[in-house]
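Student: Could you walk me through reading charged side chains in a structure? I'd like the general idea, then the case at hand.

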Amino acid sequence: MTDRPILRLPNGAIEARLPGRQDKRPRPRGGGRQGQNAHFQELFERIEDAFAEDDTELILRRDPAGIAPERALVFETIVPIANFKRAADSINLEVLIESDLDDDYEVREDLVDDYIENASPTLYATMPSSQHLEEILKLWRSYQNNEKAARGRAPWYNMFSMLSDLRIWGPKDRLTANAEAELIARLPDDDEEAVRLELEVWPTANAGQRIQWQLDIRARVGALGGRVISTSSVDEHGFIYEAALVEVPAGAVRSMIMDPNLPDGLATIEGLQFVLPQTIAQSLPDLTPSEEEGEAPEFDAFDADAPIRAVLLDGTPIAGHPSLDGGVVIEDVHDLVRLSQVPNRLHATSMCSLILRGDLVADGAPLKDSRLLSIPVLIDNEGGATSPDDRLFVDIVHVALTRAFLGDEPLAPNAFLVNFSIGIKSAAFSGRISSLARLLDWWADQHGVLFLVSAGNVPEDLVIPNTTSLVFEDASLDERIALVSEAQRNARHTRTLMAPSEAINVLTVGATSNDMVDPRAPQPVGEIAIQEDGPAQPALSSAVGLGFLRSIKPDLLHIGGRHEVRMQSAGDHLRLKVVDRTQRTGLNVATSGVGAASIYRSRGTSCSNALASRAHLNAAAALSEVGGPFEGQELGRRDLALLTKALSINAAQWNEPAQAKFDTELNRLGRTKHIQAREETCRYYGHGVLNELIMLEAPELGATLVGIGTLRKDQAMSFEVPLPAVMAGERIGRYMRVTITWFSPVLSTRARYRLAALDAIAMGEDLFGGQLKDDGWGLNMKAKDIDANMIRRGSVWSRRLQHNGPVIPNYGADAVMPIWVQCRDASGGGLSPDEDIRFALSVTIELENETLFDIQNEIQNQLRVRSRATN
């Protein structure tokens, strides 16, 4: 038990949500009836002519690139169309996808007039039948004739006015540029050699249609001389995944790449949404053997009766390792353990040791009140662990999670956290959310599971152009840092998050380059410093954000082991390479050796993710221990997940290097570009560097309070934070952090994929037109670090405030500060008014300097008095 426990906020009261400021930016005016008729007349006349004949469908399908029944029909508009899904539902037309188009989308100038900067091109993909096409044609005629729209059909008129293009989903849509590049990289020279692909089918709710498309895939693949290896059909409320893993001759893939429009090729199968390279999940441990000699250290035993609070999805760990024995249970759901030889079981073993004991030299204490369940989803080989090559990985993960959490006898009924330190090979995030990320988002929302996902390690060297090793070595440290920063910025599109860490409901963890113990030897020749000693900084290989919907990713950074960097000349350029095989630095983890050699040093985002998982599990134990905010209570899975996530985000802060990064970017971009500079800093630091200690207890000069609640659309909940009397009448610096976490319902058929958004209004901020204001107290707070708009994008809302000048607060005894948590529909109509959104709130109030009184004790005493008064 700590002397400075986290405190519990009194239960909140339900209120009506305060309205926000309306977006008053002028919208593009659209094409108008005459302009749109000139642009689309020929297309609609072709459809109309076909419907005048008896064999309409046959006529329409003659043109393989033309609009026809049962072909995905794409509407491209210059702005999102409010309530379009509802309007589509009015004619029973299923919207399969709604997504934002790329920034480089060419907008028709006649549609936007002078407001091109306010355009937001959006794509809607549908799957019309003949009846749907006939209904759309009737709506187009009514729109052109200026007839009044029937009830519920007005969004169709808005659609026609803002329509930029109307076309079918074609081969170029199915084979994206990233997928094509990766297929080319994997393609063998021999045209007869087999290549494996994943063919993702449209996620329609029509199960019969999906079955037919799977049959079409089987027929086409067979005609090309290939075979279907496995299929997956996941049909859950809110999540549909339909795919086939196929094997075809390399020549067929080469032909598809050269001409995606080949009538008999893979990319022209009409039911396909995407053609992708096979998903290869992997974990790549440091393969350098430990050189330590002697006996293994002794470790305190685990509590054999402790509940399983966390699940590890990885390879197979060595459960009998001295540091793991009694702490980890293996469930071989997919029959993979027999395929992983014990000497190769490196990555999962190291992850287990970091979660269960931390750094084995610096820490080693067993995890509090928890054990770990390991479900192998990878096969450990000599070079690392990879997913089975005969199954779809999304299916493997879904089955593992189902066994862990659902059914009459779930394997881990008390678990709330899943550690996912696996990356997908060559699946750097480029704007489109992966199916695996969608799966994790869905699981988080539907079942209250907190996924901690590693951001990923970038394998490529960082190239610094027009610089030699001699010039770089002779440069000052500040000059080296500037060169590295510029090179990272120029190459950031190739160093992005690795799937599935772009997901919005997961907590994505990046790595800092620092150790918990000293190096074993002096720095060798050829290695060079690119960071200052002292405060933690992002590791060179740690993948950078942002995430899906430009959400803040990584969420936070944590200790990832020191990364050594070596220079390599490459003509006129310099390559900086992270040394991946060294035992000089790194975190001390368990490995497959014996004696002292059963411990070796490792580094990377997997390590930081494992340590962050340990921090969350320790925080969960502290919540219910003696003196904790929920002392003696058995919290449910969702509450534990949300509370620990809120505490970790609240305990992450921009440190001096992060602030220096922001200042550098502000100078580069211009002193008025605060938002862009903050966004650039967030790509590397997220909400900041995690301080584990203040997940467990209040900061030395402050107090932390937590609360939980449930909201529905357009509701608010008000919490009252007692104000310490010591702050009244004192001219003293003050800080406040307010963090909300929730798992948003998600829907891939909406560009605003995230359905629920929460935010908070705290006294001291003049938000929402001053509807809640300081009321004369003089707290006078202003925003610090992250931009207010950025924190509204994901499923974390974390506002950092600081005093705005030397103002003396003025309030009486027993004063409280209200904080309103509000829920709104973030999707433009997708959030049901009956949907319950559970959330956690964490508030920290902190002083800049010491005072005669401890504000943590003052707030705690006020809470006790209030509790006795209400009982």
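This is a predicted model: local features need pLDDT of at least 70, side-chain atom pairs count only at pLDDT 80 or more; totals for chains, interfaces and linings use all residues.

Student: What do Glu846 and Arg737 form, and how far apart are the closest N and O atoms?

Tutor: Side chains of opposite charge can pair when their charged atoms come close. Here Glu846 and Arg737 make a salt bridge, with the closest N and O atoms 3.3 Å apart. That pair links distant parts of the chain, with Glu846 in strand β36 and Arg737 in strand β31, 109 residues apart.

Student: How many salt bridges does a search of the whole structure find?

Tutor: The search turns up 38. One of them joins Glu270 to Arg71, with 2.7 Å between the closest N and O atoms. Glu270 sits in the loop between α10 and β10 and Arg71 in the loop between α2 and β3, so the pair ties together parts that are 199 residues apart in sequence.

Student: Is Arg71 buried or exposed?

Tutor: Arg71 is buried, at 4% relative accessible area, whereas Glu270 is partly exposed at 23%.

Student: Which residues are linked in a network of salt bridges?

Tutor: Arg492, Arg550, Glu679, Glu680, Arg683 and Arg793 are. Within that group, the side chains of Glu679 and Arg793 meet at 3.1 Å, N to O. Glu679 belongs to helix α19, and Arg793 to the loop between β33 and β34.

Student: Which residues form a negative surface patch?

Tutor: Glu42, Glu45, Asp49, Glu53, Asp54 and Asp55 do. Asp55 lies in the loop between α1 and α2 and is partly exposed, with a relative accessible area of 34%.

Conventions. Residues are numbered from 1 along each chain as its sequence is written. Side-chain values use heavy atoms; hydrogens and water are left out. Patches are made of residues with over 30% relative accessible area and no salt bridge: like charges are joined within 9 Å, nonpolar side chains (Val, Leu, Ile, Met, Phe, Trp, Tyr) within 5 Å. Accessible areas come from the Shrake-Rupley method with a 1.4 Å probe; for residues, only the protein chains shown count as cover. A salt bridge is a side-chain nitrogen of Lys or Arg within 4 Å of a carboxyl oxygen of Asp or Glu. Lys and Arg count as positive and Asp and Glu as negative; His and the chain ends are not counted. The place of a charge is taken as NZ of Lys, CZ of Arg, CG of Asp or CD of Glu. Helices (H or I, at least four residues) and strands (E, at least two) are DSSP runs, numbered from the N terminus. Buried means under 20% relative accessible area, exposed over 50%, partly exposed in between (1.4 Å probe, protein chains only).
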